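Hi,

Here's the structure I promised to pass on. Have a look at it first, and my notes follow below.

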Amino acid sequence: MKDTVIGVDLAKNIFQVHGASRAGEVMFRKKLRRQQFMQFMATQPPALVVLESCGSAHYWARELAGAGHEVRLIAPQYVKPFVKRQKNDAADAEAIVIAARQPEMRFVEPRTEAQQARGVLFRARQRLVHQRTELVNALRAVLYEFGLVVPQGIAHIRHIEAMLDEAVLPEAVKQECLDLLRQISEQSVRIDVRTKKIRMLVQESENTCRLQSMPGVGPLTALAIEAFAPDLQSFRRGRDFAAWLGLVPVSSHLAERKGWGRYQKPGRLISAGFSSWAP
């Protein structure tokens, strides 16, 4: 067990570093620029380094582990109760150390580069789908203003194209609708490209292939679980994983601790992101 605990409050440019012994004795407090951070950490003897699970935390976890430190990530909601004074970067760094010393504390599993790459691909496809939905809804809204009602869904695009050929509309409106259709088509191509990449990636992993053998689990769900889920060994039973996914009611104490409602909609946590979850 490392004798020193170093809490790091990450930022884009200025990092706040708080070092303390296991007994709580403060050893140093430092404010470091991004370029100085790894130089300083490389000079420190191997220590337990604790970061809040936030943007860039998984990258820094890998870098610090490469420098010989033991690295753990902690969910921000677990740090907040230990901020002793007005919230600032120095107070946050100290609170991270205090939280990490708690014997019952739970930590977030750092992700590998491969997991993060899969997560980026999953999010990119998701973002494109949302953008395409916005375009489709904008097109439906324009047509509705001229008395043309189109049902929701991308499946009705062909119907809209046929409708534009027959409808009597002002030329400016028709041109705007055609431009929206071109944008929707371009987005569909981008979505298809990423879908093909996802299908190829899931075939390369034994875990995702096994996940797809389950009823109702396809390439997208399998990739999301591999990219965002922690080590499945951290779950005590299958129901805990199902509750984490939002497929079953969560226990009342877990819902209270996480600030959730009694029920979670399936897939809600996948769409929200898992970066700060601790099993």
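Let's start with a hairpin: strands S2 and S3 have four residues between them, and Gly-24 there takes a positive phi near 105 degrees. Do bear in mind as you read that this is a predicted model. The two strands, S2 at residues 14-21 and S3 at residues 26-33, pair in the antiparallel sense over seven bridges. To find your way along the pairing, look at Ala-20, whose bridge partner in S3 is Val-26.

Next, the inside. The largest nonpolar core has 35 residues, and the ones that touch the most other members are Ile-6, Phe-37, Val-50, Leu-51 and Ile-74. Helix H4 (residues 89-100) gives the most to this core, with five residues. There is another core apart from it, made up of 17 residues, including Val-136 and Leu-181.

Leaving aside neighbours within four places in sequence, Val-50 is in contact with Val-5, Ile-6, Gly-7, Val-8, Arg-72, Ile-74, Ile-96, Ala-100 and Phe-107.

Then there's Glu-52, which sits in strand S4 (residues 48-52).

Cheers

Notes:
Residues are numbered from 1 along each chain as its sequence is written. This is a predicted model: local features need pLDDT of at least 70, side-chain atom pairs count only at pLDDT 80 or more; totals for chains, interfaces and linings use all residues. Side-chain values use heavy atoms; hydrogens and water are left out. A nonpolar core is a set of buried Ala, Val, Leu, Ile, Met, Phe, Trp, Tyr and Cys residues joined through side-chain atoms within 4.5 Å. Buried means under 20% relative accessible area, exposed over 50%, partly exposed in between (1.4 Å probe, protein chains only). Contact means heavy atoms within 4.5 Å. Two strands pair if DSSP finds at least two bridges between them.
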